[in-house]
Amino acid sequence: MTRAGFEAEVGRVLAEIPEPFQSRLEGVSVLIEERPTRDDFTSSGIRKGTLFGLFRGRALTASDEFAPPELPPQVVLFRSELEAAFPDESELKTEIRTTLL
């Protein structure tokens, strides 16, 4: 799948999220990166080759008005990891949805 096709699929999945959840995603960026970094693996505790996506930031349920400011929350999809594990385009689309949701 081309990068443009991957981005379009991510956009389609995000557009299908029902409204009660859409409003909770305001302020959350969705990024597509090629591969996870060593820090991504370390912080997630997941071994190499199995990290398809990651949430970076403080969970909404962990809000603390006295905590120091952080970067805005992000959901990151790792394109190369997903494409390597799911070479079939139909399976890849399913996994993009699973990883985002």
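**Helix α1.** I looked up helix α1 (residues 3-15) in this predicted model and found that α1 lies across β1 and β3, running at about 155° to β1. Helices here are DSSP runs of H or I with at least four residues, strands are runs of E with at least two, and both are numbered from the N terminus. Angles run from 0 to 180 degrees between N-to-C directions, with axes fitted as lines to C-alpha atoms, for helices over the stretch in contact. Contact means heavy atoms within 4.5 Å.

**Ground rules.** Residues are numbered from 1 along each chain as its sequence is written, and side-chain values use heavy atoms, with hydrogens and water left out. Local features need pLDDT of at least 70 and side-chain atom pairs count only at pLDDT 80 or more, while totals for chains, interfaces and linings use all residues.

**Helix α5.** I then checked α5 (residues 89-100), which lies across β1, β2 and β3 and runs at about 155° to β3.

**Sheet.** I traced 3 strands in an open sheet, ordered β1-β3-β2, with mixed pairing; two strands pair if DSSP finds at least two bridges between them. β1 (29-33) and β2 (53-56) are at the edges with a single partner strand each, so one side of each has no neighbour in the sheet. Neighbouring strands are turned by 20° against each other on average, direction ignored. β2 pairs with β3 (residues 74-78) in the antiparallel sense over 4 bridges. Arginine 56 has glutamine 74 in β3 as its bridge partner.

**Whole chain.** I noted 5 helices and 3 strands, in the sequence pattern α-α-β-α-β-β-α-α. Of the 101 residues, 25% count as buried, meaning under 20% relative accessible area; exposed is over 50% and partly exposed in between, with a 1.4 Å probe and protein chains only.

**Serine 44.** I found serine 44 in helix α3 (residues 38-44). Serine 44 is partly exposed, at a relative accessible area of 25%. Serine 44 touches Leu51 and Leu54, leaving aside residues up to four places away in sequence.

**Largest pocket.** I read its volume as about 420 Å³. A pocket is an open set of points on a 1 Å grid over the protein atoms alone, where a 1.4 Å probe fits, with protein on both sides within 12 Å along at least five of seven lines; lining residues have an atom within 4 Å of a point. The volume is the space filled by probe spheres set on the points, which are joined across faces, edges and corners. The lining has 20 residues, with Leu25, Val28, Val75, Leu100 and Leu101 nearest the centre. β2, β3 and α5 are the elements giving two or more residues to this lining.
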